[in-house]
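Biologist: Please show me the model, and let me ask how each label on it was reached.

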Number of protein chains: 2
Amino acid sequence: MRIAVLGVGLIGGSVALAARERLGAEVLGWDPDPKALTAATGCGAIDRPMTSPREAGDCELLLVAGPVATLATGVQEALAVAGPGAVVTDVGSTKAALVEATTDPRFIGGHPVAGAETSGVAHARADLFAGATWYLTPRPDTDGELYERLHRFVAGLGAVPTAIEHHEHDRVLAAVSHLPHVLANVLVAQAHAALGGEAMPATGGSFRDATRVAGANPGLWAQIYAENAAALGTQLDQVIATLEDVRGRLGELEAWQGRAAQQRRALLEAETQGGPLAELRVFVPNRPGIVADLALALGRAGINIFDMSLAPTQDNRHGTVVLWVAAGEAARAGALVAEKGLSVT
Amino acid sequence: MRIAVLGVGLIGGSVALAARERLGAEVLGWDPDPKALTAATGCGAIDRPMTSPREAGDCELLLVAGPVATLATGVQEALAVAGPGAVVTDVGSTKAALVEATTDPRFIGGHPVAGAETSGVAHARADLFAGATWYLTPRPDTDGELYERLHRFVAGLGAVPTAIEHHEHDRVLAAVSHLPHVLANVLVAQAHAALGGEAMPATGGSFRDATRVAGANPGLWAQIYAENAAALGTQLDQVIATLEDVRGRLGELEAWQGRAAQQRRALLEAETQGGPLAELRVFVPNRPGIVADLALALGRAGINIFDMSLAPTQDNRHGTVVLWVAAGEAARAGALVAEKGLSVT
């Protein structure tokens with residue numbers, strides 16, 4: 001199989017690596033930035049650099065990668081050079097505008113939900129997509145053979161191809177990804193204003209956790225907000241309506257608070273797929289090695305830590321380690337922690 | 001020094017333990033729940049249980065602990081029995097309503113910013129307040145001698161006493177604690193609605209982190225929202241205004257996104273107090289022991305992990321471990337991780 005990767009940064013480079021290593025594909029690469037192309041060639045991500053996308057005419061699959069705002073042009077260029085039996089896809093994190101604008105039946109939109117935190121082919125990895133959801137947005141006129149080829153390709157990279165209607169995709173991503181980024185920014189701005197530049201009081205790790213993604217990669221995220229303005233706008237309308245409702249009944253929110261606990265459990269139990277998780281909170285001295293000590297004790301017992309959060313106290317001498325383990329393992333894990341003389345709940 | 005702790009749950013019990021262990025105080029205890037009082041006596045948190053707060057008449061300091069909605073009554077009871085030279089304080093996480101309603105100059109409001117995740121004297125610890133901000137809300141008519149006694153007491157428990165005007169307290173806590181809880185609930189509700197009960201797609205750990213506090217302890221948090229309705233309402237007004245502004249310019253948010261990054265850095269660099277932190281992202285196989293292995297390697301080199309987050313991929317076979325270490329240690333930590341053959345950025 002011969003494929004072309006047009007845009008060899010983190011995502012394109014990882015696709016190229018995975019296609020070579022896992023599928024034995026021959027990978028031609030191109031990038032608008034000559035330095036990126038040289039780097040991709042140098043690190044062995046691609047078999048051969050192209051001087052222009054036009055050299056991709058005999059590839060079975062052309063994948064366009066790059067910042068969201070560049071994809072419409074990139075896909076048009078790819079379609080212009082692709083053969084009649086080729087499939088063209090992209091990796092953008094918004095889909096509706098691109099899919100609506102691209103009527104060529106050889107194009108099928110795609111979105112691997114993976115790794116937007118770093119960039120550049122230097123961070124590319126063949127296993128970036130292992131187990132990741134990779135959305136595909138076929139339309140009613142999509143050729144079945146091309147869709148099957150793309151599905152097989154994506155699965156071959158280790159990802160989980162998941163078909164979704166393109167507006168539905170943008171609606172879901174607005175809710176589970178783009179909105180959290182907007183609200184993290186808002187939280188940071190409000191705290192900054194309320195404190196007038198003073199130090200945060202010790203609020204445990206919850207503020208840190210809640211704002212983890214605030215301000216992430218401004219160039220990239222501004223494009224995502226812009227491209228998904230319709231769906232994100234609808235989400236914001238709903239948030240505003242909810243906040244106005246909540247604001248009007250701040251004295252009677254117990255049921256609302258309880259519902260959020262149930263909803264979160266349902267969302268994240270589904271996410272882990274291996275059944276419900278239990279949360280262990282361990283109060284520890286904040287010294288090098290303590291986390292290792294805990295993790296080792298659980299590891300030795302074959303108990304996997306699905307998620308972990310460490311919040312230091314203000315003096316950095318103590319902290320709370322929160323560990324999420326399979327609910328069925330919680331009692332055993334708790335006993336192991338307690339054996340170390342640590343307080344666990 | 002003889003003190004009375006009125007309400008011996010997690011916070012009151014921890015104050016009692018710390019006062020006995022660190023200050024050598026004699027601690028009388030009382031609780032509206034006889035079982036809680038028996039437990040506090042049984043675990044040695046208090047020297048002596050009282051059958052009524054009335055027995056606290058000869059104590060120098062009376063501390064009222066319990067759910068926020070019970071504190072006004074508790075403080076009035078304490079003031080009714082306290083001697084003329086005694087100081088009465090509380091531990092509520094909202095302050096304005098209580099401080100405004102309590103004109104007795106022997107009362108000084110307090111709020112240790114610590115441990116709302118668990119409850120009950122069984123989880124009490126003498127070091128719960130180590131390094132924690134403990135807000136005190138003196139008024140212009142507060143007796144200097146009583147304030148000095150309370151300040152010394154709080155510092156003696158290991159906390160950092162921090163004077164703040166009571167409305168200012170509620171404004172700050174609304175921004176840095178209560179609002180994040182509300183927005184976490186909103187995020188969960190929106191994702192739940194958008195997905196219609198389906199499994200979350202793999203979005204890394206960011207959604208999990210952002211919603212960590214969603215639905216926390218509904219009984220307790222509903223009271224906090226209600227008690228701090230004024231300040232929280234103002235915060236919500238500001239959020240609504242910001243979201244309406246953002247909604248109107250979804251195509252031009254790059255500068256806004258960049259500002260959030262700066263603001264978060266400023267807030268959290270100040271929080272750690274030990275200088276700026278650096279973030280290392282490590283892609284790892286998700287097997288028991290891998291986190292331990294990493295933490296041990298850093299621990300052996302004397303590099304402390306200030307914060308940590310582990311996000312599994314959808315298949316739970318891989319994950320990204322994010323580690324925060326002192327910026328000055330980042331290069332050394334990165335080299336240690338890379339030596340293990342792991343990809344780090």
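Modeller: This is a predicted model. Its largest nonpolar core has 193 residues, and those with the most contacts inside it are Val5(A), Leu62(A), Val5(B) and Leu62(B).

Biologist: Which residues does Val5(B) touch, not counting residues up to four places away in sequence?

Modeller: Val5(B) touches Gly12(B), Val15(B), Ala16(B), Val27(B), Gly29(B), Ile46(B), Leu63(B) and Ala65(B).

Biologist: Why are H6(A) and H6(B) called roughly antiparallel?

Modeller: Helix H6 (residues 166-195) of chain A and helix H6 (residues 166-195) of chain B pack at an angle of about 175 degrees. Angles over 145 degrees count as roughly antiparallel, so H6(A) and H6(B) are given that label. Their axes are 10 Å apart.

Biologist: Which residues make the contact of H6(A) with H6(B), and how many of them are nonpolar, polar or charged?

Modeller: On H6(A) the contact residues include Arg171(A), Val172(A), Leu179(A), Leu183(A) and Gln190(A). On H6(B) they include Arg171(B), Val172(B), Leu179(B), Leu183(B) and Gln190(B). By class, the contact has 20 nonpolar, two polar and two charged residues.

Biologist: What is the phi of Asn217(A), and where is Asn217(A) found?

Modeller: Phi of Asn217(A) is near 25 degrees, a positive value in a residue other than glycine. Most residues other than glycine have a negative phi. Asn217(A) is found in the loop between helix H7 (206-210) and helix H8 (218-227) of chain A. In chain B, phi of Asn217(B) is also near 25 degrees, and Asn217(B) is in the loop between helix H7 (206-210) and helix H8 (218-227) of that chain.

Biologist: Why is Asn217(A) called partly exposed?

Modeller: Asn217(A) has 19 other C-beta atoms within 10 Å. A buried residue needs 20 or more and an exposed one has 12 or fewer, so Asn217(A) counts as partly exposed. Asn217(B) also has 19 C-beta neighbours inside 10 Å and therefore counts as partly exposed.

Biologist: How many of the residues in chain A are buried, and what does its secondary structure come to?

Modeller: Buried residues make up 54% of the 345 residues in chain A. Its secondary structure comes to 12 helices and 12 strands. Among contacts in chain A between residues at least 6 apart in sequence, 70% join residues at least 24 apart.

Biologist: What confidence values does the predictor give the complex?

Modeller: The complex has an ipTM of 0.79 and a pTM of 0.80. For chain A the mean pLDDT is 88, and 90% of its residues reach 70 or more.

Note on methods. Residues are numbered from 1 along each chain as its sequence is written. Chains are lettered from A and ligands numbered from 1 in the order in which they are written. This is a predicted model: local features need pLDDT of at least 70, side-chain atom pairs count only at pLDDT 80 or more; totals for chains, interfaces and linings use all residues. Helices (H or I, at least four residues) and strands (E, at least two) are DSSP runs, numbered from the N terminus. A nonpolar core is a set of buried Ala, Val, Leu, Ile, Met, Phe, Trp, Tyr and Cys residues joined through C-beta atoms within 7 Å. Two residues are in contact if their C-beta atoms, placed from the backbone, lie within 7 Å. pLDDT is the predictor's confidence in each residue, from 0 to 100. Axes are lines fitted to C-alpha atoms, for helices over the stretch in contact, and angles run from 0 to 180 degrees between N-to-C directions. Angles under 35 degrees count as roughly parallel, over 145 as roughly antiparallel, 65 to 115 as roughly perpendicular and the rest as oblique. Ala, Val, Leu, Ile, Met, Phe, Trp, Tyr, Cys and Pro count as nonpolar, Asp, Glu, Lys and Arg as charged, and the others, Gly among them, as polar.
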